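I opened my notebook to look up which side chains pair up. I wanted to know where the partners sit along the chain.

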Amino acid sequence: AAGRKVERSPGAATGDFAGWLQAFSTQDMQTLVGAVLPADYVNGQLDGVVDQFFAYVHSDAKTPSVKLALVDLKQRLSGGVLEDAYVKVLQGKPACAGDAATGLPVGCCPPAERLPDVRAQFREMIGPAVKEMPDSVDLFPARSSAQAEQVFRAMDGVRNKLRTFAAIARWSWVLPVLLLVGVAVFGVRSFRGLLLWWGIPCLLAGLCAAVFALPSAALAGWIFHHLIAPHLPPEVPVLAVDAVLGLVTAVAQVVLSAAWKMAAWIGLGGLVAVILSPLFKTKPKPPALG
(Lines give C-alpha, C1' and ligand atoms only; values in the text may rest on other atoms or scores of the structure.)
Protein backbone atom coordinates (compact mmCIF):
# COMPACT_ATOMS: atom_id res chain seq x y z
CA ALA A 1 0.00 0.00 0.00
CA ALA A 2 2.91 2.35 0.68
CA GLY A 3 3.93 2.07 -2.96
CA ARG A 4 0.69 3.46 -4.38
CA LYS A 5 0.69 6.92 -5.91
CA VAL A 6 -1.55 9.20 -3.85
CA GLU A 7 -2.05 12.91 -3.69
CA ARG A 8 -0.14 14.50 -0.84
CA SER A 9 -2.60 17.31 -0.17
CA PRO A 10 -3.77 17.40 3.48
CA GLY A 11 -7.39 16.54 2.75
CA ALA A 12 -7.06 14.01 -0.01
CA ALA A 13 -5.67 11.19 2.12
CA THR A 14 -8.61 11.05 4.56
CA GLY A 15 -10.03 7.52 4.52
CA ASP A 16 -6.82 6.06 3.10
CA PHE A 17 -4.54 5.37 6.07
CA ALA A 18 -1.53 4.31 3.97
CA GLY A 19 -1.82 7.37 1.74
CA TRP A 20 -2.32 9.66 4.72
CA LEU A 21 0.77 8.25 6.43
CA GLN A 22 2.81 8.78 3.26
CA ALA A 23 2.10 12.50 3.36
CA PHE A 24 4.29 12.96 6.45
CA SER A 25 8.01 13.62 6.41
CA THR A 26 10.39 10.78 7.22
CA GLN A 27 11.05 12.14 10.71
CA ASP A 28 7.35 12.49 11.53
CA MET A 29 6.65 9.04 10.10
CA GLN A 30 9.34 7.58 12.36
CA THR A 31 7.64 9.22 15.34
CA LEU A 32 4.24 7.82 14.40
CA VAL A 33 5.47 4.35 13.55
CA GLY A 34 7.66 4.28 16.66
CA ALA A 35 4.57 4.96 18.79
CA VAL A 36 2.77 1.82 17.58
CA LEU A 37 5.89 -0.32 17.13
CA PRO A 38 7.94 0.04 20.34
CA ALA A 39 11.31 -1.64 20.57
CA ASP A 40 10.21 -4.43 22.93
CA TYR A 41 7.33 -5.43 20.63
CA VAL A 42 9.54 -5.38 17.51
CA ASN A 43 12.29 -7.36 19.27
CA GLY A 44 9.78 -9.98 20.36
CA GLN A 45 8.39 -10.32 16.84
CA LEU A 46 11.86 -10.57 15.30
CA ASP A 47 12.95 -13.19 17.84
CA GLY A 48 9.86 -15.19 16.95
CA VAL A 49 10.58 -14.86 13.22
CA VAL A 50 14.16 -16.04 13.64
CA ASP A 51 13.11 -18.96 15.86
CA GLN A 52 10.35 -20.06 13.46
CA PHE A 53 12.58 -19.85 10.41
CA PHE A 54 15.38 -21.88 11.99
CA ALA A 55 12.80 -24.37 13.22
CA TYR A 56 11.96 -24.85 9.52
CA VAL A 57 15.68 -25.10 8.66
CA HIS A 58 16.13 -27.93 11.19
CA SER A 59 12.93 -29.74 10.20
CA ASP A 60 11.69 -31.66 7.16
CA ALA A 61 8.65 -29.43 6.57
CA LYS A 62 7.85 -28.87 2.92
CA THR A 63 7.10 -25.16 3.31
CA PRO A 64 8.16 -22.69 6.01
CA SER A 65 5.62 -21.13 8.34
CA VAL A 66 6.71 -17.85 9.87
CA LYS A 67 3.88 -15.92 11.52
CA LEU A 68 3.74 -12.39 12.84
CA ALA A 69 1.26 -11.62 15.62
CA LEU A 70 -0.59 -8.34 14.98
CA VAL A 71 -2.98 -8.27 17.93
CA ASP A 72 -0.87 -5.85 19.99
CA LEU A 73 -0.32 -3.68 16.94
CA LYS A 74 -4.07 -3.47 16.28
CA GLN A 75 -4.70 -2.51 19.91
CA ARG A 76 -2.11 0.26 19.71
CA LEU A 77 -3.58 1.56 16.46
CA SER A 78 -7.13 1.67 17.78
CA GLY A 79 -6.38 2.30 21.47
CA GLY A 80 -5.28 5.91 21.16
CA VAL A 81 -1.50 5.47 21.13
CA LEU A 82 -1.15 6.51 17.50
CA GLU A 83 -3.79 9.20 17.92
CA ASP A 84 -1.88 10.84 20.78
CA ALA A 85 1.38 10.64 18.80
CA TYR A 86 -0.36 12.25 15.81
CA VAL A 87 -1.65 15.16 17.90
CA LYS A 88 1.80 15.59 19.44
CA VAL A 89 3.34 15.79 15.97
CA LEU A 90 0.78 18.39 14.92
CA GLN A 91 1.50 20.52 17.97
CA GLY A 92 5.07 20.94 16.76
CA LYS A 93 3.90 22.35 13.40
CA PRO A 94 3.01 25.94 12.47
CA ALA A 95 -0.62 27.00 12.79
CA CYS A 96 -2.98 26.02 9.98
CA ALA A 97 -4.35 28.76 7.76
CA GLY A 98 -7.21 28.85 5.27
CA ASP A 99 -8.52 25.59 3.79
CA ALA A 100 -5.77 23.59 5.52
CA ALA A 101 -7.70 23.90 8.77
CA THR A 102 -10.77 22.04 7.44
CA GLY A 103 -9.35 18.60 6.57
CA LEU A 104 -7.31 16.09 8.50
CA PRO A 105 -4.09 18.14 8.88
CA VAL A 106 -0.62 16.81 8.14
CA GLY A 107 1.85 19.70 8.03
CA CYS A 108 0.18 22.25 10.28
CA CYS A 109 -1.41 22.54 13.72
CA PRO A 110 -5.17 23.26 13.87
CA PRO A 111 -6.68 25.56 16.51
CA ALA A 112 -7.24 24.06 19.94
CA GLU A 113 -11.03 24.10 19.50
CA ARG A 114 -10.68 21.90 16.40
CA LEU A 115 -8.60 19.17 18.07
CA PRO A 116 -11.64 17.12 19.24
CA ASP A 117 -12.95 17.15 15.65
CA VAL A 118 -9.51 16.17 14.34
CA ARG A 119 -9.35 13.27 16.79
CA ALA A 120 -12.81 12.12 15.70
CA GLN A 121 -11.81 12.23 12.02
CA PHE A 122 -8.64 10.32 12.83
CA ARG A 123 -10.59 7.55 14.60
CA GLU A 124 -12.98 7.44 11.66
CA MET A 125 -10.04 6.86 9.32
CA ILE A 126 -8.10 4.40 11.47
CA GLY A 127 -11.10 2.20 12.35
CA PRO A 128 -11.62 0.55 8.93
CA ALA A 129 -7.86 0.09 8.50
CA VAL A 130 -7.62 -1.78 11.80
CA LYS A 131 -10.64 -3.96 10.98
CA GLU A 132 -9.03 -5.04 7.71
CA MET A 133 -5.89 -6.20 9.51
CA PRO A 134 -5.74 -9.89 10.48
CA ASP A 135 -4.70 -11.03 13.95
CA SER A 136 -1.65 -12.73 12.43
CA VAL A 137 0.01 -13.01 9.05
CA ASP A 138 2.18 -15.76 7.60
CA LEU A 139 5.22 -14.47 5.74
CA PHE A 140 5.28 -17.62 3.60
CA PRO A 141 1.66 -18.41 2.74
CA ALA A 142 1.25 -21.67 0.84
CA ARG A 143 0.07 -21.02 -2.71
CA SER A 144 -0.73 -23.67 -5.29
CA SER A 145 1.25 -22.32 -8.23
CA ALA A 146 4.22 -23.48 -10.22
CA GLN A 147 6.19 -20.40 -9.21
CA ALA A 148 5.58 -21.02 -5.50
CA GLU A 149 6.60 -24.65 -5.84
CA GLN A 150 9.80 -23.57 -7.59
CA VAL A 151 10.57 -21.09 -4.79
CA PHE A 152 9.99 -23.70 -2.08
CA ARG A 153 12.19 -26.21 -3.90
CA ALA A 154 14.93 -23.59 -4.07
CA MET A 155 14.50 -22.87 -0.34
CA ASP A 156 14.78 -26.59 0.37
CA GLY A 157 18.09 -26.63 -1.50
CA VAL A 158 19.30 -23.65 0.51
CA ARG A 159 18.19 -25.38 3.70
CA ASN A 160 20.27 -28.46 2.86
CA LYS A 161 23.30 -26.26 2.17
CA LEU A 162 22.78 -24.45 5.47
CA ARG A 163 22.74 -27.76 7.30
CA THR A 164 25.98 -28.75 5.60
CA PHE A 165 27.61 -25.41 6.44
CA ALA A 166 26.39 -25.67 10.04
CA ALA A 167 27.91 -29.13 10.39
CA ILE A 168 31.21 -27.90 8.94
CA ALA A 169 31.22 -24.82 11.18
CA ARG A 170 30.43 -26.91 14.25
CA TRP A 171 33.57 -29.01 13.78
CA SER A 172 35.77 -26.50 11.94
CA TRP A 173 37.80 -25.78 15.08
CA VAL A 174 39.18 -29.33 15.17
CA LEU A 175 41.55 -28.90 12.20
CA PRO A 176 43.40 -25.78 13.44
CA VAL A 177 43.68 -27.28 16.93
CA LEU A 178 45.18 -30.48 15.50
CA LEU A 179 47.62 -28.40 13.44
CA LEU A 180 48.70 -26.43 16.51
CA VAL A 181 49.13 -29.64 18.49
CA GLY A 182 51.13 -31.11 15.62
CA VAL A 183 53.35 -28.04 15.54
CA ALA A 184 53.86 -28.28 19.29
CA VAL A 185 54.80 -31.96 19.09
CA PHE A 186 57.05 -31.93 16.02
CA GLY A 187 58.38 -28.37 15.74
CA VAL A 188 58.60 -26.85 19.21
CA ARG A 189 61.85 -27.32 21.16
CA SER A 190 61.48 -24.52 23.74
CA PHE A 191 58.88 -22.36 25.44
CA ARG A 192 59.96 -19.43 23.26
CA GLY A 193 59.42 -21.56 20.19
CA LEU A 194 55.95 -22.51 21.47
CA LEU A 195 55.01 -18.84 21.84
CA LEU A 196 56.18 -18.04 18.32
CA TRP A 197 54.76 -21.13 16.61
CA TRP A 198 51.35 -20.56 18.21
CA GLY A 199 51.39 -16.78 18.52
CA ILE A 200 52.09 -15.87 14.88
CA PRO A 201 49.33 -18.10 13.38
CA CYS A 202 46.80 -16.90 15.98
CA LEU A 203 47.76 -13.26 15.34
CA LEU A 204 47.37 -13.64 11.57
CA ALA A 205 44.11 -15.61 11.86
CA GLY A 206 42.63 -13.07 14.27
CA LEU A 207 43.58 -10.13 12.05
CA CYS A 208 42.15 -11.77 8.92
CA ALA A 209 38.88 -12.69 10.65
CA ALA A 210 38.51 -9.18 12.11
CA VAL A 211 39.16 -7.57 8.70
CA PHE A 212 36.43 -9.67 7.10
CA ALA A 213 33.90 -9.42 9.95
CA LEU A 214 34.12 -5.76 10.92
CA PRO A 215 33.15 -3.90 7.71
CA SER A 216 30.80 -6.48 6.15
CA ALA A 217 27.49 -5.15 7.54
CA ALA A 218 28.35 -1.51 6.87
CA LEU A 219 29.51 -2.38 3.36
CA ALA A 220 26.12 -3.99 2.60
CA GLY A 221 24.34 -0.75 3.52
CA TRP A 222 26.71 1.30 1.37
CA ILE A 223 26.16 -1.00 -1.64
CA PHE A 224 22.37 -0.69 -1.30
CA HIS A 225 22.24 3.09 -0.93
CA HIS A 226 24.75 3.90 -3.70
CA LEU A 227 24.40 1.07 -6.22
CA ILE A 228 20.92 -0.47 -5.81
CA ALA A 229 18.52 2.21 -4.53
CA PRO A 230 19.14 4.73 -7.38
CA HIS A 231 18.14 2.08 -9.94
CA LEU A 232 14.94 0.86 -8.28
CA PRO A 233 11.76 1.46 -10.33
CA PRO A 234 9.45 4.23 -9.07
CA GLU A 235 6.72 1.81 -7.92
CA VAL A 236 9.06 0.13 -5.43
CA PRO A 237 8.77 1.76 -1.99
CA VAL A 238 12.41 2.61 -1.31
CA LEU A 239 11.62 3.44 2.32
CA ALA A 240 10.21 -0.05 2.91
CA VAL A 241 13.15 -1.72 1.17
CA ASP A 242 15.51 0.46 3.20
CA ALA A 243 13.76 -0.65 6.39
CA VAL A 244 14.13 -4.33 5.45
CA LEU A 245 17.78 -3.77 4.61
CA GLY A 246 18.28 -2.04 7.94
CA LEU A 247 16.75 -5.04 9.69
CA VAL A 248 18.99 -7.50 7.83
CA THR A 249 22.00 -5.30 8.49
CA ALA A 250 21.21 -5.16 12.20
CA VAL A 251 20.96 -8.96 12.38
CA ALA A 252 24.22 -9.27 10.45
CA GLN A 253 25.89 -6.86 12.85
CA VAL A 254 24.86 -9.00 15.82
CA VAL A 255 26.23 -12.15 14.19
CA LEU A 256 29.40 -10.51 12.89
CA SER A 257 30.06 -8.75 16.19
CA ALA A 258 30.30 -12.15 17.88
CA ALA A 259 32.72 -13.30 15.19
CA TRP A 260 34.71 -10.08 15.54
CA LYS A 261 35.01 -10.48 19.31
CA MET A 262 36.27 -14.04 18.91
CA ALA A 263 38.74 -12.88 16.25
CA ALA A 264 39.90 -10.08 18.54
CA TRP A 265 40.57 -12.53 21.39
CA ILE A 266 42.50 -14.89 19.09
CA GLY A 267 44.52 -12.04 17.61
CA LEU A 268 45.19 -10.52 21.03
CA GLY A 269 46.38 -13.86 22.38
CA GLY A 270 48.72 -14.26 19.42
CA LEU A 271 50.04 -10.72 19.84
CA VAL A 272 50.74 -11.28 23.54
CA ALA A 273 52.55 -14.53 22.73
CA VAL A 274 54.73 -12.83 20.11
CA ILE A 275 55.56 -9.94 22.46
CA LEU A 276 56.48 -12.26 25.32
CA SER A 277 58.59 -14.60 23.19
CA PRO A 278 61.81 -12.46 23.33
CA LEU A 279 61.75 -12.66 27.11
CA PHE A 280 62.49 -16.37 27.00
CA LYS A 281 65.93 -17.36 25.79
CA THR A 282 66.47 -20.37 23.64
CA LYS A 283 68.48 -23.08 25.34
CA PRO A 284 72.00 -23.28 23.89
CA LYS A 285 72.72 -26.35 21.86
CA PRO A 286 75.04 -28.83 23.59
CA PRO A 287 78.56 -28.96 22.10
CA ALA A 288 79.15 -31.65 19.57
CA LEU A 289 81.04 -34.67 20.75
CA GLY A 290 84.73 -34.56 19.82
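**Disulfide**

I started with the cysteines and found a disulfide between C96 and C108, with an S to S distance of 2.0 Å. The model is a predicted one. I noted that the structure holds one disulfide.

I then looked up its handedness. The torsion about the S-S bond of C96 and C108 is about 90°, so this disulfide is right-handed. I also checked where the two cysteines sit. C96 and C108 both lie in the loop between helix 5 and helix 6, twelve residues apart.

Is C96 buried or exposed? I read 15% relative accessibility, so C96 counts as buried. C108 is buried as well, at 11%.

C202 is partly exposed at 23% relative accessibility. C208 is also partly exposed, at 45%.

**Salt bridges**

How many salt bridges does the structure hold? I noted eight. I followed up three of them, pair by pair.

*K93 and D28.* The side chains of K93 and D28 form a salt bridge, 2.5 Å from N to O. This pair links distant parts of the chain, 65 residues apart. I placed K93 in the loop between helix 5 (81-91) and helix 6 (115-132), and D28 in helix 2 (residues 26-36). K93 has 25% relative accessibility, so I wrote it down as partly exposed. D28 has 11%, so it counts as buried.

*R163 and D60.* I found a salt bridge here with the closest N and O atoms 3.6 Å apart. The partners are 103 residues apart. R163 sits in helix 7 (residues 146-171). D60 sits in the loop between helix 3 (39-57) and strand 1 (67-69). R163 is partly exposed, at 30%.

*R123 and E83.* The side chains of R123 and E83 meet in a salt bridge of 2.8 Å, N to O. R123 is in helix 6 and E83 is in helix 5, so the pair ties together parts 40 residues apart in sequence. I looked up the accessibility next. R123 is partly exposed at 44%. E83 is buried at 7%.

**Network**

Which residues are linked with R123 and E83 in a network of salt bridges? I wrote down D84 and R119.

Notes: Residues numbered from 1 in each chain as written. Predicted model: local features only at pLDDT ≥ 70, side-chain atom pairs only at ≥ 80, totals over all residues. Heavy atoms only, no water. Salt bridge = Lys/Arg side-chain N within 4 Å of Asp/Glu carboxyl O. Helix = DSSP H or I, 4+ residues; strand = E, 2+ residues; numbered from the N terminus. Buried < 20%, exposed > 50% of the residue type's maximum accessible area, 1.4 Å probe, protein only. Disulfide = S-S within 2.5 Å.
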